[in-house]
Amino acid sequence: MAKKTDPENNPLSLSFSGSGFLALYQIGAVKALLDLAPEILKAAPKVYGASAGSLVAAAVVFNVNLDDLQQIIIDAANEARKSILGPFYPTFNLHTILKEALPRFVPETAHHLASGRLHVALTRLPDGKTILVSDFNSKEEVIQRYIDGGLSNFQPFYDLQSIITVSPFTGEIDICPRDCPVSHLCLHIFNTSFQLSVQNLCRVSYALFPPPPYVLNDFYYQGYKEAILYLIKNGKHRLCVGDQKNINVVLKNEDIKLRQHETVLVK
């Protein structure tokens, strides 16, 4: 991938891939950026999202409480796990769950905040063409749009130079899991990079059929750590509170906080 523009001189946009229930990984990444480099989020001129990633993109634009969004996804995962068919069980309706939950954290001025900055990838069903929606006329329209999701544009503007890409799947992505050997085949499909490995295929299954909440919480923490590694790799140590010792303290504190609230999230 081409070298990214330095965000100090030219603010970087953000792109959140489709992620299903693994949106928890992306929430963890955003939380790390919010804690350690909030100016990256505030200065991002455009924030792109596809499918569940559009929920995370909206959270960035609206500056919402990430714990609230995390709880919504955990609740939906718990509901899906009640049947062996998971989210494909006839009585499970993710659209209804989100439509009832999202108005709690989407502000009344959402359409003003989102227009021109929040870009949601949608797939037009008749011809499968991908479109990006960035103009909104009401709060209700914002909610409806980023529930629709996208199928063919999995990582909006993946190949744009001035952008930070975030995905729970390993590939040629800025912030993503790094546990697969680099020798694995890397596929470029649906406008994203996907490393063909057992670990990644397992993540796909988790995205569709949610694992237990403690596993989803581990993805949240992994996203948090990977975002810090991104900052370090790109020479943003001063945004990471100084030195490696302090970075380790931040990670430990976030892990302790996550474990303390795990029973609350699981309910």
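User: Which residues of α4 are buried?

Analyst: This is a predicted model. Buried means under 20% relative accessible area. In α4 the buried residues are Leu66, Leu69, Gln70, Gln71, Ile72, Ile73, Ile74, Ala76, Ala77 and Ala80.

User: Which residue caps the N-terminal end of α4?

Analyst: Asn65 does, with a side-chain oxygen 2.8 Å from the backbone nitrogen of Asp67.

User: How do I read a salt bridge inside a helix?

Analyst: An α-helix has 3.6 residues a turn, so residues three or four places apart point the same way. Take Lys31 and Asp35, which both lie in helix α1, four residues apart, about one turn of the helix. The two form a salt bridge, with the closest N and O atoms 2.8 Å apart.

User: Is Lys31 buried or exposed?

Analyst: Lys31 counts as buried, at 11% relative accessibility. As for the helix itself, twelve of the 14 residues of α1 are buried, so α1 is largely enclosed by the rest of the structure.

User: How many salt bridges does a search of the whole structure find?

Analyst: Three. One of them joins Lys82 to Glu79, with the closest N and O atoms 3.0 Å apart. Lys82 is exposed, with a relative accessible area of 66%, while Glu79 is partly exposed at 37%. In another, the side chains of Glu108 and Lys139 meet at 3.0 Å, N to O. Glu108 lies in the loop between α5 and α6 and Lys139 in helix α7, so this pair ties together parts that are 31 residues apart in sequence. Glu108 is exposed, at 58%, whereas Lys139 counts as buried, at 9%.

User: Which residues touch the most other members of the largest nonpolar core?

Analyst: In soluble globular proteins, nonpolar side chains tend to be buried together. Here the largest nonpolar core has 69 residues, and Phe16, Phe62 and Leu118 touch the most other members. Helix α9 (residues 213–233) supplies the largest share of this core, ten residues.

User: Which residues make the nonpolar surface patch?

Analyst: A patch of about 700 Å² is made by Ile84, Leu85, Phe88, Tyr89, Val204, Leu208 and Phe209. Leu85 sits in the loop between α4 and α5 and counts as partly exposed, at 42% relative accessibility.

Key. Residues numbered from 1 in each chain as written. Predicted model: local features only at pLDDT ≥ 70, side-chain atom pairs only at ≥ 80, totals over all residues. Heavy atoms only, no water. Buried < 20%, exposed > 50% of the residue type's maximum accessible area, 1.4 Å probe, protein only. Helix = DSSP H or I, 4+ residues; strand = E, 2+ residues; numbered from the N terminus. Polar contact = N/O pair within 3.5 Å; in protein donor to acceptor, adjacent residues only side chain to side chain. Patch = residues over 30% accessible without salt bridge, like charges linked within 9 Å, V, L, I, M, F, W, Y side chains within 5 Å. Areas by Shrake-Rupley, 256 points an atom, 1.4 Å probe, with all protein chains shown as cover. Salt bridge = Lys/Arg side-chain N within 4 Å of Asp/Glu carboxyl O. Core = buried A, V, L, I, M, F, W, Y, C linked by side-chain atoms within 4.5 Å.
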